[in-house]
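Dear colleague,

I am handing over the structure we spoke about, and it is placed just below.

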Amino acid sequence: MKKAQTTRRTLMQAMLGAFASVLAGALLPLGAAQAAEKIKVGLMLPYTGTYASLGTAITNGFKQYVQEQGGKLGGYEVEYSVVDDESDPSKATENASKLVKRDNVDVLVGTVHSGVALAMAKVARDTKTLLIIPNAGADELTGPLCAPNVFRSSFSAWQPAYAMGKIVAERGHKNVVTVTWKYSFGEQSVAGFKEAFEKAGGKVAKELYLPFPNVEFQPFLTEIASLKPDAVFVFFAGGGAVKFVKDYDAAGLKKSIPLYGSGFLTDGTIDAMGGSGEGLMTTLHYADNLTNPKDQAFRKAYAIAYKQQPDVYAVQGYDAAQMLKTGVDSLKGAKFDKDAVIKAMETAKIDSPRGAFTLSKAHNPVQDIYLRKVEGRDNKLVGVAEKALADPARGCRM
Amino acid sequence: MNSQVSTIFKLAVMAGVLAFPAFGSDFYAEMVAKVLILAIFAMSLDLLVGFTGLVSFGHAAYFGIAAYVVALMTPKYDPANLWLALPASVLAAAVAAFVIGLFVLRTKGIYFIMVTLAFAQMAYYVFHDTPVGGGSDGIYLNFKPDAAIAGWAPFDLNEPHHLYYFVVAAMLAVYGLLKLVLRSPFGRVLVGIRSNEHRMLSLGYATFRYKLAAFTLAGALAGVAGFLYAVLFGFVTPEYLSWHKSGDVLLMVILGGMGNLGGAVAGAVALVGLQEIFTSVTKHWQLLMGLTIVAAVLFMPGGLTATPARIMARINGGKSNV
Amino acid sequence: MDFVSFLIQVLNSLQYGLLLFLVASGLTLVFGIMGIINLAHGSFYMVGAYLAFALTGMTGNLMLAIALGLPLAFVFGAILEWALFSHLYKRDHLEQVLLTYGLILIFEELRSLAVGDEVHGVTIPELFSASIPLSDNLSYPVYRLVISVVCLALAGGLYWLIQKTRLGMMIRAGSHDRDMVKALGIDINLLYRTVFALGVALAALAGMLAAPISSVYPGMGSSVLIISFVIVVIGGVGSVWGALVAALVIGFADTFGKVLLPDLAGLMVYLVMALVLLWRPEGIFRKG
Amino acid sequence: MSEVLLSAEGMTRRFGGLTANQSVNLSLERGVLHALLGPNGAGKSTCINMLSGDLPPSEGTIRYKGEDITGLTAYQRSRIGIGRSYQRTNIFPKFTVLENCRLAAQSRKPRPWSLFTDALAMPEAVERARAAIAEAGLSGRENRVAGTMSHGEQRQLEIAMVLATDAEVLLLDEPLAGMGSEESAQMVTLLNRLKATRAILLVEHDMDAVFAVADRITVMVNGQVLESGPPEQIRNSPDVQAAYLGHEAEHE
């Protein structure tokens with residue numbers, strides 16, 4: 001009994017304390033006096049749930065670049081506000097406005113999940129806050145929903161898929177089946193692939209979709225076997241990617257029908273595939289053995305700082321910080337001026353570990369898309385699939 | 001808590017809520033508005049769980065459906081009309097609740113819990129997998145509904161303060177409506193059903209119809225909450241219908257104490273408050289949340305509103321009533 | 001669909017259904033006998049999968065890992081029953097829902113703290129790593145067949161346990177009338193603890209068996225939870241036989257739904273459930 | 001001849017292979033208290049459940065005032081004037097006595113659409129409830145919480161609730177069960193008073209009470225009617241003595 005009582009009391013106390021602190025926070029005039037030499041960065045990324053490791057890698061990459069600059073960006077002290085977005089779109093607008101309205105951040109950085117990123121973009125547009133998206137690939141973000149204050153340091157779903165469409169056609173495949181989850185990212189990837197592939201004379205025989213996050217692929221493998229296409233193109237990520245590749249291999253299809261994937265099929269998943277991924281070809285804006293010195297330095301520093309190898313997510317975080325720095329440099333120590341920062345960022349050339357890139361009119365990277373092949377535990381570079389590929393930014397009126 | 005103290009307390013809270021925008025920042029005003037909307041949501045569920053004895057684990061479906069209806073009714077470059085969009089979204093939630101109710105109310109107990117959950121999942125997949133609602137990415141509400149009646153606009157929801165007081169008014173209206181309904185003959189029957197449905201049948205009540213009516217009303221009120229939520233945040237996603245949302249609202253009801261409208265409001269405040277605190281403490285905040293829930297179930301059977309009385313009883317040397 | 005493909009799809013349906021049965025059987029037992037609604041059942045599936053990953057890493061062999069992991073899961077279940085669930089029998093379903101909802105959050109975070117958030121793979125034991133050719137280009141992994149066989153064996157084992165043993169007699173009595181079990185002088189606490197631990201062990205076993213083909217990843221528990229609920233609803237609470245039939249029905253609905261009605265694939269399972277509810281609100285095999 | 005209110009013809013109920021009631025014929029008349037006797041498992045509860053609509057019969061016809069009501073559900077039967085009480089006390093334990101009866105009375109004119117009217121401000125139901133409470137002998141206890149009353153009072157409340165529904169046929173399942181002798185005597189007086197204007201079916205174990213109040217007795221054994229007639233006839237029937245009393249002796 002006594003124990004129960006204590007628990008209850010501490011709980012009550014905690015709640016009272018919470019109430020008081022919320023109240024205090026509510027009534028304090030926030031961010032009235034902002035020191036000119038500081039810049040407030042709001043990191044809104046997933047730190048729990050399926051994408052937790054991606055959120056961590058992006059954060060690490062971002063902070064690494066800031067560290068390399070001596071803890072400052074363009075002379076400005078960086079102050080972080082961090083929110084776990086849980087990859088939950090239903091909390092997204094609120095989380096974003098927490099950073100914007102409560103913490104008065106100068107820049108929003110986030111996130112992985114496209115649905116959450118769309119909600120963040122909405123908040124950014126409404127509040128005219130600068131937003132840098134370090135992963136989410138939804139085409140809309142730099143398409144119909146593009147905005148002067150919204151930037152992306154990663155890619156659009158269309159980019160790697162489009163590049164793969166061309167590659168698959170070049171490799172002589174005429175007749176392809178696609179498989180992905182029935183959600184926007186999957187659908188956009190298939191659309192990008194189909195555009196390039198059919199332009200080059202191929203034919204997508206059938207588009208297969210399964211409900212997200214269902215991973216029972218067996219019926220589709222059976223269907224693929226009976227359709228007998230020349231090749232299969234897929235988009236999956238995380239646990240679904242691992243399972244698909246393993247099932248595809250175990251069904252014996254890997255030997256007879258080559259499998260191609262867009263982007264993240266083989267990122268962070270090769271180990272878990274346990275050999276089934278060997279030889280798989282994918283397209284992305286990063287690969288494991290790029291030869292540029294920037295990448296080598298980056299990987300070395302990252303491995304030392306975080307005791308693990310960096311991945312594409314870390315690169316995207318790193319580049320988000322680089323983009324911000326280019327913008328902030330233009331201020332030359334003056335008070336944070338969003339419009340000036342945007343202007344500088346738009347014309348920036350980012351010296352990324354992935355290779356230098358510029359930004360399109362819609363603020364999406366114009367970048368090389370690499371063709372990679374799984375060898376051992378790495379996505380080894382095969383070559384450049386598309387040089388300086390720009391997202392068409394359909395629907396962007398900027 | 002005797003009724004006088006309780007009334008004074010409620011009035012004081014109300015005064016605080018009304019005066020809040022004058023002192024608090026926009027962000028916290030938005031948060032209070034969110035809490036009030038969730039309070040509507042929790043009260044609507046309490047009508048089922050606390051007063052009728054129907055533990056619905058799929059209540060988020062009606063919340064989400066209404067949210068989608070207002071989002072879909074809003075043209076891309078224009079606002080929707082409030083006086084059309086609000087009734088339409090509430091009606092859609094009510095119709096969905098009615099149809100689903102026809103199925104789920106045939107079951108009882110554990111079945112009812114699982115079946116309501118499953119139907120909510122079905123609604124979730126309708127919005128997640130089909131293009132009607134923008135799929136998994138959700139859709140924007142670019143403009144808040146326009147309150148104009150024949151050219152005259154009594155208020156403007158784009159004004160944060162107007163929106164805030166609109167939410168306050170809606171919350172008070174729902175609270176008042178439920179109070180009235182609960183003391184009406186209909187409400188009395190619901191409470192009778194919760195206590196002893198079999199006896200209600202043998203007394204001549206068509207309990208199925210009453211339950212269906214309650215389920216539909218609760219769905220409609222959840223729709224009011226969903227509508228306001230969509231308008232407040234301007235973004236709608238399938239996650240509004242997910243079973244986590246249904247779990248959260250159940251949590252509010254039980255944290256506050258079932259069968260008590262004030263408790264549902266207290267539960268909404270408590271849940272949002274706890275989430276705020278825990279997320280500020282650690283990135284593993286869900287662990288704290290889980291532990292709190294487990295502790296609350298084990299040690300606070302009556303919920304928050306019953307706890308002061310229990311503590312008083314203990315302080316006064318009353319016998320243990322755990 | 002040609003005839004060979006059709007046959008293979010039937011095989012896929014059976015295999016998927018059997019795996020679902022393994023997860024749902026523990027759930028329906030705990031529901032039916034103890035009257036406990038347990039949302040954390042999916043978490044036990046996840047715990048099983050991570051156990052398989054961790055123990056395979058240590059022992060180098062999945063079969064050894066299962067041999068070690070199964071008793072661990074059983075003990076884990078017994079402890080959990082003692083510490084938490086035993087306080088719930090007299091409470092209403094709502095509180096059970098909440099407590100087990102809280103447990104989902106706790107298990108998920110503990111998993112994150114203990115092993116991180118990466119995706120992991122588990123190797124199929126050497127013995128079962130081969131494949132059997134089914135058509136000119138499609139073959140069927142032996143391991144999947146092994147899973148099906150194990151699931152069938154377990155279904156048989158459960159049938160035997162419930163129909164032929166003294167424990168089973170008590171379980172059957174307990175699911176009908178709690179007071180009667182007490183009157184018979186059976187230690188109901190011990191009975192419940194055993195049944196609950198058995199339920200946890202079944203879910204964990206499903207997770208361990210599935211680990212090599214599904215891989216091991218955060219959030220994997222909640223994906224099986226809802227589908228298990230649907231199976232229990234269709235089959236009838238407490239009926240192991242019902243769970244088997246329902247799991248197979250879902251296996252077929254899901255498999256053929258994806259192939260024949262791809263636009264409705266996500267809804268298929270729930271549509272089947274709605275139809276069954278119209279026909280029999282208490283599930284196909286509701287007893288008494 | 002007195003007015004037949006409720007009658008059953010060839011009423012049969014099977015549970016799987018078991019026949020719980022086999023072609024039971026029964027009729028309840030206004031002004032007559034009809035007792036149903038029988039050992040445990042004779043099918044009395046099944047019989048009353050079929051009459052009240054809690055259980056559908058497998059075969060047979062049930063008529064109310066000459067109309068076939070076999071297909072009506074429990075609540076529909078209550079609506080036309082068939083009320084029942086339960087063997088295990090079946091009240092709303094957390095409500096007051098008045099609210100228990102008021103809910104019962106409200107069922108006659110439920111007015112579910114008057115959402116904005118205070119149920120307590122609807123005089124009709126409250127008055128009928130008070131009248132029923134008085135008739136059942138619970139005056140002065142209107143504001144007691146039902147669950148806190150004595151067992152005997154709760155049994156009285158059961159009856160009061162049925163009365164509040166204005167039932168013309170009362171199906172009473174062991175209203176004397178678990179009562180002390182004084183309480184039983186009160187209940188017997190009450191039953192005698194009630195039967196003047198109503199038809200009553202009394203399922204009861206207490207033989208003394210049954211012979212004291214019943215105008216007619218039906219004895220069931222193994223799901224069948226063994227004998228039916230006035231108390232004298234039953235008391236002297238060798239069949240009843242052999243089957244029923246002998247059976248009862250085994251139990252004791």
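Predicted model: local features only at pLDDT ≥ 70, side-chain atom pairs only at ≥ 80, totals over all residues.

Thr326(A) belongs to helix 12 of chain A, which covers residues 312–329, and, once its neighbours within four places in sequence are left aside, Thr326(A) is in contact with Ala344(A), Met345(A) and Ala348(A). Ile342(A) lies 16 residues from Thr326(A) along the chain, and the C-alpha atoms of the two are separated by 9.5 Å.

Turning to the contact between chains D and B, chain D contributes 27 residues and chain B contributes 20 residues. On the side of chain D that touches chain B, the elements that give two or more residues are helix 2 (74–80) and helix 3 (97–106) of chain D, and helix 2 of chain D supplies the largest share, namely four residues. By type, the residues of that side of chain D comprise 14 nonpolar, eight polar and five charged.

As for confidence, chain C has a mean pLDDT of 87, with 96% of its residues reaching 70 or more. Among the elements of chain C, the highest mean pLDDT (94) belongs to helix 3 (residues 62–83), whereas the lowest (69) belongs to helix 7 (residues 178–183).

With kind regards

Notes
Residues numbered from 1 in each chain as written. Chains lettered and ligands numbered in written order. Contact = placed C-beta atoms within 7 Å. Nonpolar A, V, L, I, M, F, W, Y, C, P; charged D, E, K, R; others polar. pLDDT = per-residue confidence, 0-100.
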